[in-house]
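Please look through the sequence and the three-dimensional structure shown here before reading on.

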Amino acid sequence: AASWGVPELLPRAATVVRTARTRWWRRRKGSGASPDPSEAVPINFQLAEKTPARARQRWQATLRWRAAEGVDRILTEPHKYFYAVKAHYPHTLHLPDKEGRLTYWEQVGRLDMDALKRCGVSPYNGYRHYVWHTEYTWNIAAPKEGAQATVIFDCAGFSWDYLSLELLDLIKRIVSFTNAHYPHRAARIIVVNTPVWYNTMYTILKPIMSDICEAKLVFFTEKDVRAGKMLKYIAAANLPVEYGGRSKVALGESKVERSMRTYVDKVNRRAGVRAISPCVSTKELRARRISDEREERQRDAPPFWAKWFNSGGSGAGSTGARGAASNVDAAPTPPDAEGSGRGGRKGAPSRR
């Protein structure tokens, strides 16, 4: 955890960027660029394939993809959508698991597609951000060759309303490129707070998942999370309280996450780019709209006494001021009023 501090990360980032630039200029840009045969095959590719030949073939396909997408230089480019994407689709690098692996959390139920669109984040921008985040993870946050992470997807609050063809296409694209070009990076994939309909979503994604990835899946319902079953994989000291642990470090506030923000700010500042601030969430906009409509109805409604006053004393208002006055004027004067005014008994004859 000490190696995740900001002072240690920035020199490491500079080294990674220099390496990326060297690789970038060594190859021509474009999908037809020929990979350098002298580049060693990373260990995670070797572990993901059964033979060295297949591992090299897969690595060369990844090099072509990296050249076509400009992945080698992505960490040197400004990232103006960083804060907007992080706010409206919370995902964070967090404290390590019991084996010392970095943990990566995605709070799927807090996805706000409408807010992302208001911030100007297109599906392609979302895809590029995911590539940027993955590159940062394995080049800066956890640069050791063959490093892995425990991935946690929190589905609390996620519903069918979130799903759209646009979102499904983005999910498939992300799953596809991570399986193809970042193999053997997830040591375990834990899906927590799974809804009852999650099997349907799993059926959609299963065809594009590798058998190895599928074997790493672990599912925990909300009841399982409350029972503390996540403590099997993450120590209580590193697990947030809302997931059954004792850690007071909130998701998004770990050292590695704060270092990531510092890195983004530095690159944006050098490029003269100002990051786009997060927009108001759709949930907050809905609450504001409901509040405004309520205030408008209250403002346009007549005062509470208007109906009673306009009724002119009719019905329930007959005992009101106007009705009471008319009743008094119309009432006959009792014949013994004068006597009773002298203290005489009501209805008794006058004595002289």
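In what follows, a residue is called buried when its relative accessible area is under 20%, exposed when that area is over 50%, and partly exposed in between, with a 1.4 Å probe and protein chains only. This is a predicted model, in which local features need pLDDT of at least 70 and side-chain atom pairs count only at pLDDT 80 or more, while totals for chains, interfaces and linings use all residues. Residues are numbered from 1 along each chain as its sequence is written, and side-chain values use heavy atoms, with hydrogens and water left out.

In soluble globular proteins, nonpolar side chains tend to be buried together. Here a nonpolar core is taken as a set of buried Ala, Val, Leu, Ile, Met, Phe, Trp, Tyr and Cys residues joined through side-chain atoms within 4.5 Å. The largest such core holds 35 residues, and Val131, Trp132, Tyr136 and Phe177 are the members that touch the most others. Two or more residues come to this core from each of β2 (102–107), α6 (123–141), β3 (149–154), α7 (165–181), β4 (186–192) and α11 (255–271), where helices (H or I, at least four residues) and strands (E, at least two) are DSSP runs numbered from the N terminus. The greatest contribution to this core is that of α6, which supplies eight residues.

Helix α11 deserves a look of its own. The expected span of a helix is 1.5 Å times one less than its number of residues, so the 17 residues of α11 should span 24 Å, and the 25 Å between its end C-alpha atoms agrees with this. Its buried residues are Val256, Glu257, Ser259, Met260, Tyr263, Val264, Val267 and Asn268. Just after this helix, glycine 272 adopts a positive phi of about 70 degrees.

Beyond the helices, several loop positions can be examined one by one. Serine 247 sits in the loop between α10 (222–226) and α11, and counts as buried because its relative accessibility is 5%. When neighbours within four places in sequence are set aside, serine 247 is in contact (heavy atoms within 4.5 Å) with Leu95, Ala236, Ala237, Asn238, Leu239, Pro240 and Val241. Positive phi values also occur in residues other than glycine: histidine 184, in the loop between α7 and β4, has a phi near 60 degrees, and asparagine 193, in the loop between β4 and α8 (198–205), has one near 55 degrees. Histidine 184 is partly exposed, at 25% relative accessible area, whereas asparagine 193 is buried, at 14%.

Which cysteines are joined to each other? A disulfide is a covalent bond between the sulfur atoms of two cysteines, and it is assigned here to a pair of cysteine sulfur atoms within 2.5 Å. A search of the whole structure finds one disulfide, formed by cysteine 119 and cysteine 279, with their sulfur atoms 2.2 Å apart. This pair links distant parts of the chain, 160 residues apart, since cysteine 119 lies in the loop between α5 (113–118) and α6 while cysteine 279 lies in the loop between α11 and α12 (282–300). Cysteine 119 is buried at 7% relative accessibility, whereas cysteine 279 is partly exposed at 22%.

Charged side chains give a further set of links. Side chains of opposite charge can pair when their charged atoms come close. A salt bridge is counted when a side-chain nitrogen of Lys or Arg is within 4 Å of a carboxyl oxygen of Asp or Glu, and the count by this rule is 13. In one of them, arginine 73 meets glutamate 77 at 3.6 Å, N to O; arginine 73 is partly exposed at 27% relative accessibility, and glutamate 77 is partly exposed at 28%. These two residues also belong to a network of salt bridges that links Glu69, Arg73, Glu77 and Arg128.

Another salt bridge joins glutamate 222 to arginine 226, the closest N and O atoms being 3.3 Å apart. These two residues are four apart in helix α10, and therefore separated by about one helical turn. Arginine 226 is exposed, at 62% relative accessibility. Glutamate 253 and arginine 261 form a salt bridge as well, at 3.5 Å, N to O. Glutamate 253 is partly exposed, with a relative accessible area of 39%, and arginine 261 is likewise partly exposed, at 22% relative accessibility.
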